[in-house]
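Subject: Structure handover

Hello,

Here is the structure I promised to pass on. Please have it open while you read the notes under it.

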Amino acid sequence: MFNLPKYIEPDFTQEKFKNAPNAVLMPSPRDKSAPENFHATSIFPEYFKIDGRWLLAEDSRMDCVAVYDGGKIIVKEFRNVHAGDLVVTGRTEDCQEGIYVHPDCFQQPKTQGKETFFFRQSRTRETAFSYDYKHLIELLKYEKVNNGYVVWVMGPACSFDAEARNDFSRLIEGGYVNAILAGNALATHDLEGAYLGTALGQDIHTQEPHFNGHYNHIDTINKINIHGSIEAFIEKEGIDNGIIYTCVKNNIPFVLNGSIRDDGPLPEVYEHTYVGQDTIRSHIRKATTVIGMATVLHTIAAGNMTPIYRKTADGIIRPLYFYMVDTSDFAASKLGDRGSLSAKGIVTNVQDFLKNVTGGLL
């Protein structure tokens, strides 16, 4: 049976908390700017002493600034800072400047004493991921029953195989998907698969290339743009399968962000980077589990917005779980190198991953 680790609040009766000064607040000198010596946030819970009280930043992300507003700490991206905002300053993290970063905040399972030297510490293609699958499957069952919010970050390889498309569609139908973050390519090739039976011109069942198949994805984009929207295309062309179709059918939001190399793009693709980023964060703010599959770019983008904790609507502080699935050891570990220290890498192809997860859930 899956149980969430308990959140361990700092012991504010300790002398270092009682004797700490209040955090120094300085007004932002202009829009999109912070005062000198601003404090940059991390992925961990952070507390700030304001008027003698330690306040938790309840919703955070790394590389942002902490603003005191209306009795709360609000974490803002630099582009959302306004002139006059009261920004926390100070670059120490253990109460010296009224700032406390709390990394060891969740109860850890009891284990036997770990030796200093032991083999197979890293997560590579040689790692046995059986336990990770079991943990993830139990986690997803827990999220479904307990109103979690599971966000899937998907690359185009998720749509290249008919069985992978079908498996993920079953996860949507089963209630294990609350939102999808992706790019133009994932939606394009998934809809190409439903419309023409190919992904990038290759048959999604047999992997055989179709004659003139290199036209298929742009023919699909063109047809969708003629209809004016993905939903209209699905209705008017009689589309009845695939990831995006199942999202539309089940009212599951999908956020598609554009890149400089996109074809088309599809009508629903966010072409303005920061509008797209804000839309991603609107889902990450609700997320309790994030699973990135076969996309380094989009997974790191989501990871940079994802702290290790979530304060739920009923006031509970719980872990926010993050998984990265890729065929490359480098890709699976790169997320940690970019600051998402709690992310777990699973080194496998996305088709096998979906088969294992779906088999354990449905």
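Predicted model: local features only at pLDDT ≥ 70, side-chain atom pairs only at ≥ 80, totals over all residues.

Cysteines

There are zero disulfides in the structure. Cys-64 is in none, and the nearest cysteine sulfur, in Cys-105, is 18 Å away. Cys-64 is also buried, at 2% relative accessibility. Cys-247 has Cys-158 as the closest cysteine by sulfur position; at 12 Å, that is too far for a bond. A disulfide needs the two sulfur atoms within 2.5 Å. Cys-247 is buried too, with 1% relative accessibility.

Cavity

I searched the whole structure for cavities of 30 Å³ or more, and there is one. The largest cavity holds about 40 Å³ of space. Its lining consists of Ile-43, Gly-303, Thr-306, Pro-307, Ile-308, Phe-322, Ser-340, Leu-341 and Ser-342. By class, that lining has five nonpolar residues, four polar and no charged.

Helices

Start with α4, residues 184-196. Its 13 residues should span 18 Å at 1.5 Å a residue. The end C-alpha atoms are 17 Å apart, which agrees. How much of α4 is buried? The count is 10 of the 13 residues, so the helix is largely enclosed by the rest of the structure. Among the buried residues are His-189, Asp-190 and Glu-192, along with Leu-186, Ala-187 and Leu-191. After α4 comes Gly-197, with a positive phi near 75°.

Backbone details

Look at the loop between β12 (254-257) and α8, where Pro-265 lies. The peptide bond joining Gly-264 and Pro-265 is cis, with omega about -5°.

Asp-63 has phi near 65°. Asp-63 sits in the loop between β3 (53-56) and β4 (65-69). At 54% relative accessibility, Asp-63 counts as exposed.

For Asn-212, phi is near 55°. The loop between β11 (202-203) and α5 (216-227) holds Asn-212. Asn-212 counts as partly exposed, at 36% relative accessibility.

Best wishes

Technical notes. Residues numbered from 1 in each chain as written. Heavy atoms only, no water. Buried < 20%, exposed > 50% of the residue type's maximum accessible area, 1.4 Å probe, protein only. 1 Å grid on protein atoms, 1.4 Å probe; cavity = no way out; pocket = protein on both sides within 12 Å on 5 of 7 lines; lining within 4 Å. Points joined across faces, edges and corners; volume = space filled by probe spheres on them. Nonpolar A, V, L, I, M, F, W, Y, C, P; charged D, E, K, R; others polar. Helix = DSSP H or I, 4+ residues; strand = E, 2+ residues; numbered from the N terminus. Expected span 1.5 Å × (residues − 1).
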